[in-house]
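Welcome! Here is a short tour of charged side chains and how they pair up. Have a look at the model first, then read on.

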Amino acid sequence: MRRLCEAFLLFAAAGMVHAAPPLISEDTGTQGKGVAQLEATVEMPREMRNGVSYDGTEASLVLNYGLAENTDLQFVQPYLRVTEESAAGRSVTEGALDARINVKWRFHEKDAFSLALMPGILIPTGKEGLSTERVNPGVMLIGSYEPQPFAVNADVGYRYLDNVLGLREHLYHASASLHYTFHQSLKVVADYSWENTLDPGPTGSVRYSTLGAIWVFAPGIGIGCGVKMGHGEFAIDRSYLCGMGLRLD
């Protein structure tokens, strides 16, 4: 149970942003001054290991608000449920994870290339046993290159994770994605990410590749779905992702 819970805690803690589903990589895009966007996302991991099956669900509510044309304020509140089944029986762990508050500032734009900085904090809103019980800072550098119909996004980040859970304190993240847009409403996306593990023992890596699509089926309304596959002994075998976004002008 701890392994799967740690995978989601890592997503909430080290993944300092919350990209449009099914992506892990963030882009430099912002909402525009006075414009808000509400997102609901779900990730469902599935794994069988040593005769034990793990089924999880992490649901998040995400609110983005444009403070300026090039600056967004973001709030993310995730909720976790993990079920473990084996010959010994069934157990369930569930509850809120720590929330995140981020500010994304796009500080450079030239032609199709742009850069953004996203500082943020993890705040201890989570359930006991799933919360760090500490306020923790983090920062991420994001780059986007968008020669339409292609787009490439990449980010690198760090978070200091002071916590009561016995987890690693220094977390690092890197990811990159490639998009191709059809007829301005359908994007095919591929994403690859890397983080170090939360286990404070010997350092390992958590690596995932994601394939999916994003469909904008009405002005300001879109849905994205995909599958995320784990690589290496520390990663969850596979997860299914889906989310919906609503732009509030």
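## Aspartate 162 and its partner

Aspartate 162 is partly exposed, with a relative accessibility of 26% (buried means under 20% relative accessible area, exposed over 50%, and partly exposed in between, using a 1.4 Å probe and protein chains only). Its partner in a salt bridge is arginine 134, with the closest N and O atoms 3.5 Å apart (a salt bridge is a side-chain nitrogen of Lys or Arg within 4 Å of a carboxyl oxygen of Asp or Glu). This pair links distant parts of the chain, 28 residues apart: aspartate 162 sits in the loop between β8 (150-160) and β9 (170-182), and arginine 134 in the loop between β6 (113-123) and β7 (136-145). Helices (H or I, at least four residues) and strands (E, at least two) are DSSP runs, numbered from the N terminus. Arginine 134 is partly exposed too, at 33%.

## About the model

This is a predicted model, where local features need pLDDT of at least 70 and side-chain atom pairs count only at pLDDT 80 or more, while totals for chains, interfaces and linings use all residues. Residues are numbered from 1 along each chain as its sequence is written, and side-chain values use heavy atoms, leaving out hydrogens and water.

The structure holds eight salt bridges. One of them joins lysine 104 and aspartate 27 at 3.9 Å, N to O. Lysine 104 lies in strand β5 (residues 99-110) and aspartate 27 in the loop between α1 (2-14) and β1 (36-49), so the pair ties together parts 77 residues apart in sequence. Lysine 104 is buried, at 5%, whereas aspartate 27 is partly exposed, at 25%. Glu26, Asp27 and Lys104 are linked in a network of salt bridges.
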